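Come along and look things up with me.

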Amino acid sequence: MSLGAMDIFKFLPAGKRDTNANCKKCGCPTCMMFAIKLSKGQDAPSKCPFLPDELIEKLEHNKKVQQKVVTLGHLKVGGETVLYRHEKTFVNPCVFAVELDSQSPDYKQKLKRILEFQFECIGKKYHIDAVYFKNPIDDAVSLLKDKGIEIINDDFLAKLYKVEYTNLQQTVSQLIKIRTCAIVDRNEEFSNPTFIKLCGSDFCSLCAIASSLVCKYANMIIFEEFSEALFASLITLRLNIYTDPQKPLQVESKVYEFNNPDENALVFLTTNFALSYFAVANELSSLKCGSYLVITPSDGMSVLTAWSAQKITAEIASKVVSASNILDKVKNKIIIIPGLLADLKDELQQALPSWRIIVGTAEAYKIPEFVKKMQNA
Ligand code: SF4
C-alpha cells in the first residue's frame, strides 16, 4: 500500500516533536508540507537531513510496482494498487473473455452469438471484452475487432500469472495470496495480473464461481463456453465493483426529452444521480405520451440524500426549470416531482408560480400507473 502523508509525517521531526521540527532546510515551511510532497513523489527524501533509515527504506519499498498493467488493444489488465475498493478505487475491471476455435463444429454459431451479444446498463452498451481465438480466421478477427472485442493469443497470456482452477476455496485463497503479495508486499514475483480459465457449461455454477473470482481477485477470466445470461450477470456485478467510490455516478443536469414531446407533454423532475435518472427515463420511454425530464445538479446524489444535504432545494430546482425553455413548450404547466420530495412542494410552488407542482410517486416503476390515473382524472 502507498505511504500517505500522515504515515510519513510520523517519522519526521515535527511528527516526533523533535527539536529540529519545521526547520525549513528541505525548502518547505513545515514538516507536514514536506510529508505531503513526499507522499505525492514531488520531492526528494534527501532534502531532509533528519530522515530516519526506517522511513528511507519504506520510501524505497514504496517505489516498487505493485501490479503491472498489461495492455490488450484498448483493454488494460491489472494495475491495481489497493486490496479493498473503499481504500481508493479499483482501476481496471476484470476482463471477460471466451474461447473460440475455428476448427470446432459449433464455431460459426458461437461466433455469431458472441458478435450479437450486447448488454445495456445505465445508458452504456457492453459486450464480451476479448476472445481467445484458436486457429484464428482473418475475417472473423476483423468482425470481432470492429465490435471492440480484442483477440487474445498465447503471447499475451504469457505476460499474465496463470492460476489453475481447482476448487473455489483453494482458488480464491490463492488469488488473495497473490494479490496481497503484489499490493502489500510489493513482491515482484507476483506483480503480473492473474488469469483463470473456467471450463464447462453449467452456467449457474460458473456464474457463482466467476462472481467470487471477480470479487477476489482475478484480473481476467477466460470461459470455455459462451452464455449471454452468464456474461450479462457478470458484467452487472463488475459494474458494481469497478465504479469509483469517490465519484458518484451522475448524468448531465439539463432537460431530457422522451417520445417527441409536444405541447401536451408531461414534465418530470429528479436529481442527476445516474440510477435515479435511468430508472425514471426507462419509465418515461415506455409511456405512450411524450414527456420532459428536468435533471437538477445534485452532485450525483439520490433524491432523499440530495434533499437531506440541501443539494436539491426549491431555489436549485427553479433555476434549472427557469433556465430551460419548457415553460413555452407545454400547455398544462405541470411539474411532477418525486414522491420523496413532497416536503419541497410548497416551497417549489412559490419559487415557480407559473407552474403547478404535483407530487408524483416515490418509486419510478409506479410512474406509468400514476400517469394513467392523472390522464383519466
Ligand atoms: S528539513 Fe523539512 S522535513 Fe526535515 S525537519 Fe526540517 S522542515 Fe521538517
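Here are my entries, in the order I made them.

**Before starting.** I reminded myself that this is a predicted model.

**Entry 1: the ligand.** I began by asking which residues are closest to the ligand. I found 14 residues surrounding the ligand, with Cys23, Cys26, Cys31, Phe34 and Cys48 the closest. Then I sorted this shell by class and got 10 nonpolar, two polar and two charged residues.

**Entry 2: a sheet of six strands.** Next I traced an open sheet of six strands, and I wrote down its order as β7-β6-β3-β10-β9-β8, with parallel pairing. Which strands stand at the edges? They are β7 (150–152) and β8 (161–163); each has a single partner strand, so one side of each has no neighbour in the sheet. On average, neighbouring strands here are turned by 30° against each other, direction ignored.

Strand β3, residues 95–101, and strand β6, residues 130–134, pair in the parallel sense over five bridges. In this pair I noted Leu100 opposite Phe133 of β6. I also saw helix α7 packing on the sheet, where α7 touches β8 and β9 (194–198). The direction of α7 makes about 160° with that of β8.

**Entry 3: α7 meets α8.** I stayed with helix α7 (residues 168–183) and looked at how it packs with helix α8 (residues 203–215): the angle is about 15° and the axes are 10 Å apart. Angles under 35 degrees count as roughly parallel, so α7 is roughly parallel to α8. I noted the crossing of these two helices as right-handed. On the α7 side, Leu168, Val172 and Leu175 make the contact, and they meet Ile209, Ser212 and Leu213 of α8.

**Entry 4: α8 meets α9.** Which residues make the contact? From α8 I listed Phe203, Leu206, Cys207, Ala210, Ser211, Val214 and Cys215. From α9 I listed Ala229, Leu230, Ser233, Leu234, Leu237, Arg238 and Ile241. By class, the contact of α8 with α9 has 11 nonpolar, two polar and one charged residues.

**Entry 5: a sheet of five strands.** I then turned to an open sheet of five strands, in the order β11-β13-β12-β14-β15, and its pairing is mixed. The edge strands are β11 (255–258) and β15, and each pairs on one side only.

Is the pairing of β11 with β13 (residues 291–296) parallel or antiparallel? I found it antiparallel, over four bridges, with Glu257 opposite Tyr292 in β13. Helix α12 (residues 314–323) packs on this sheet and touches β12, β13 and β14. Its direction makes about 130° with that of β13.

Strand β12 (residues 266–271) and strand β14 (residues 334–337) pair over two bridges, and Val267 stands opposite Ile335 in β14. β14 pairs with strand β15 (residues 356–359) over four bridges, and the bridge partner of Ile334 in β15 is Arg356.

How values were computed. Residues are numbered from 1 along each chain as its sequence is written. This is a predicted model: local features need pLDDT of at least 70, side-chain atom pairs count only at pLDDT 80 or more; totals for chains, interfaces and linings use all residues. A residue is near a molecule or strand if its C-beta atom, placed from the backbone, lies within 6 Å of it. Ala, Val, Leu, Ile, Met, Phe, Trp, Tyr, Cys and Pro count as nonpolar, Asp, Glu, Lys and Arg as charged, and the others, Gly among them, as polar. Axes are lines fitted to C-alpha atoms, for helices over the stretch in contact, and angles run from 0 to 180 degrees between N-to-C directions. Angles under 35 degrees count as roughly parallel, over 145 as roughly antiparallel, 65 to 115 as roughly perpendicular and the rest as oblique. A crossing is left-handed if the near helix is turned anticlockwise from the far one by less than a right angle, and right-handed if clockwise. Two residues are in contact if their C-beta atoms, placed from the backbone, lie within 7 Å. Two strands pair if DSSP finds at least two bridges between them.
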